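Look over the sequence and the 3D structure below. The briefing that follows is grouped by topic.

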Amino acid sequence: MSVRTDSGFQLLFPVVSSKLAVTALGIAFLYLVLPYILRKNLVDKDGHPLPPGPLFRYAFLRKYPERALAAWAKTYGSLFSIWMGSQLFVVISDAHVARELLVNHGAIFSSRKKYFMKNQTILAGRAITASAYDDTWRQHRRIASVMLTPKALQGYAEFFDYEAHILMRSLYNESLQGKLPINPAHYAGRYALNNMLSISFGTRTDSTSDPLVERALAMAMEFMDLTGPWSNAVDFIEPLQWLPTRIRARGRKLHDDLIEVYGAMIHRVKARMDAGENVPDCLAKTLIETQEEEKLDWEDLCMLAAVFTLGGVHSTSGIIQWFLALIPSHPEIQARAHEELDRVVGRDHWPTAEDEERLPYIRAIIKEVQRVHAPFWMATPHCSTEDFVYNGLFIPKDTVLVLNCFTLHHNEERYPDSFTFNPDRYLGDNLSCAESAKLADVMQRDHWTFGAGRRICPGLHIAERELWLAISRLLWAYKFEEIPGEPICLDEYEGLSGRTPLPYRLKLSARHDRVHSILETEEEITLAF
Ligand code: HEM
């Protein structure tokens with residue numbers, strides 16, 4: 001047997017082959033991996049490019065995405081694009097562009113992306129907000145909207161009034177008449193929850209310790225945490241959707257919990273109707289009565305009945321909590337509000353819905369809180385259903401459009417000194433949010449807190465009334481102060497789609513003697529359920 005000794009070739013060959021292999025691997029890597037890292041610069045058939053944007057693709061953006069959006073808007077302008085995995089996003093940071101795309105071209109920009117977490121797993125394509133722009137969405141929005149019109153609101157007026165009374169009283173009693181510091185989150189949450197329970201099921205929780213308060217608020221918070229428009233990698237990296245990840249399990253659990261809790265409530269309403277009881281008008285009753293005619297399945301019923309408590313609790317209560325977080329550090333604004341209330345309403349009764357027109361400064365405070373602390377900095381993203389070219393920029397079909405409310409709300413031209421909490425900027429604005437959203441001059445719109453176009457929040461009339469009753473009465477009844485050594489954080493927040501402040505405590509004190517006697521005029525009631 002002959003043994004080959006090392007020749008020049010043999011010595012050379014491994015070197016050449018490993019170099020070749022490295023080069024080949026490098027080319028393959030660049031070819032296969034770079035497209036997943038770098039942005040894809042699509043153009044349409046006429047050569048129109050995408051709106052400009054960052055070079056890299058992102059897997060997802062988790063905490064405080066509005067900060068990244070504000071920085072990109074400065075670099076790339078009022079319409080820019082970002083890739084998240086394989087999904088293209090176009091971000092709108094200018095009022096005129098928002099009007100042009102979301103309102104004037106609403107027929108193209110009113111759908112929703114089928115997010116794996118929110119739309120497919122938790123809401124199963126239902127609950128209005130998760131439906132594409134199609135007949136199901138039209139049908140579900142029509143059915144639910146009947147409960148949310150200004151006319152319908154008249155039917156709940158007394159109820160909302162009562163819940164605002166209970167909110168004032170709980171804060172007073174639970175803080176031992178102002179002797180103890182109080183975290184208002186639970187009470188503001190219960191106020192908004194009870195209002196939504198009354199519209200949805202004709203019921204309420206009858207004490208702050210009712211287990212349903214804890215459970216419903218936790219489900220609504222879980223929803224806010226799981227449904228950020230770009231906080232879940234699983235929404236943008238498809239293979240993750242097939243794996244039994246923790247996040248997927250959380251989404252499925254929330255779906256099941258919603259069916260369990262709100263499904264049981266529908267059953268109870270139905271049982272009462274079957275027993276011939278006089279069930280108050282509510283969404284669940286309408287759904288049961290029209291289920292056959294409207295061809296609604298069980299999941300449709302549960303998700304529609306759940307949507308008000310998902311969309312209308314942490315949003316409204318969040319604004320009340322932001323108001324209470326802000327107001328202790330603005331004693332001059334409190335003093336002006338107290339002066340207006342004493343002068344216009346007096347101390348014998350507290351403000352009602354009818355007093356709103358006569359209290360412009362209180363109205364201005366509420367609008368300013370909504371501007372500075374909108375709960376949804378990115379509204380709820382819309383999705384395009386056709387290719388579109390705007391000002392020479394290509395927006396392909398299936399692009400997700402994000403309304404960059406944070407940047408819109410800090411436009412110095414519209415809101416000078418925009419980072420200052422200054423209700424004066426709204427003095428002279430006598431329009432409701434719904435009226436303001438329809439203004440021909442979009443730069444005069446109060447704010448973008450309720451979104452825009454055909455998907456604009458259908459609950460805005462209801463939310464405005466709830467905010468008015470709560471905030472005007474809080475100001476009428478109490479003075480609010482920070483607790484020494486416990487500064488209230490206004491920069492950070494909880495929730496990835498809807499934001500509420502980090503937990504804080506504050507001190508309240510009754511402003512005058514009438515507060516105590518008025519609070520005592522109502523007792524908690526239990527509604528038959
Ligand atoms: C201050 C409180 C509230 C805020 C800030 C708020 C904000 C929003 C926003 C930003 C949207 C998305 C709009 C868009 O896609 O352009 C929305 C949608 C929605 N809101 Fe509200 N909302 C509030 C209260 C409520 C209430 C009280 C209800 C129900 C009674 C409600 C029900 C809904 C529903 C069903 C949708 C989905 C609409 C659709 O996709 O067609 N919201 N809301």
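Which residues does Ala-305 touch, not counting residues up to four places away in sequence? They are Ser-200, Tyr-262, Met-265, Ile-266, Leu-283, Ala-284 and Leu-287, where contact means that C-beta atoms, placed from the backbone, lie within 7 Å. This is a predicted model, in which local features need pLDDT of at least 70 and side-chain atom pairs count only at pLDDT 80 or more, while totals for chains, interfaces and linings use all residues. Residues are numbered from 1 along each chain as its sequence is written.

**Nonpolar cores**
- The largest nonpolar core has 102 residues, and Ala-305 is listed with Leu-283, Ala-284 and Ile-471 as having the most contacts inside it.
- Such a core is a set of buried Ala, Val, Leu, Ile, Met, Phe, Trp, Tyr and Cys residues joined through C-beta atoms within 7 Å.
- A residue is buried if 20 or more other C-beta atoms lie within 10 Å of its own, exposed if 12 or fewer, and partly exposed in between.

**Ligand shell**
- The ligand is surrounded by 28 residues, each with its C-beta atom, placed from the backbone, within 6 Å of it.
- The closest are Gly-312, Ser-315, Gly-451, Cys-457 and Gly-459.

**Val-103**
- Val-103 lies in helix H3, residues 95–104; helices are DSSP runs (H or I, at least four residues), numbered from the N terminus.
- Val-103 is partly exposed because 17 other C-beta atoms lie within 10 Å.
- Beyond its neighbours within four places in sequence, Val-103 contacts Ala-452 and Gly-453.
- Val-103 and Gln-370 are 267 residues apart in sequence and 21 Å apart in space, C-alpha to C-alpha.

Terms used. Helices (H or I, at least four residues) and strands (E, at least two) are DSSP runs, numbered from the N terminus. Two residues are in contact if their C-beta atoms, placed from the backbone, lie within 7 Å.
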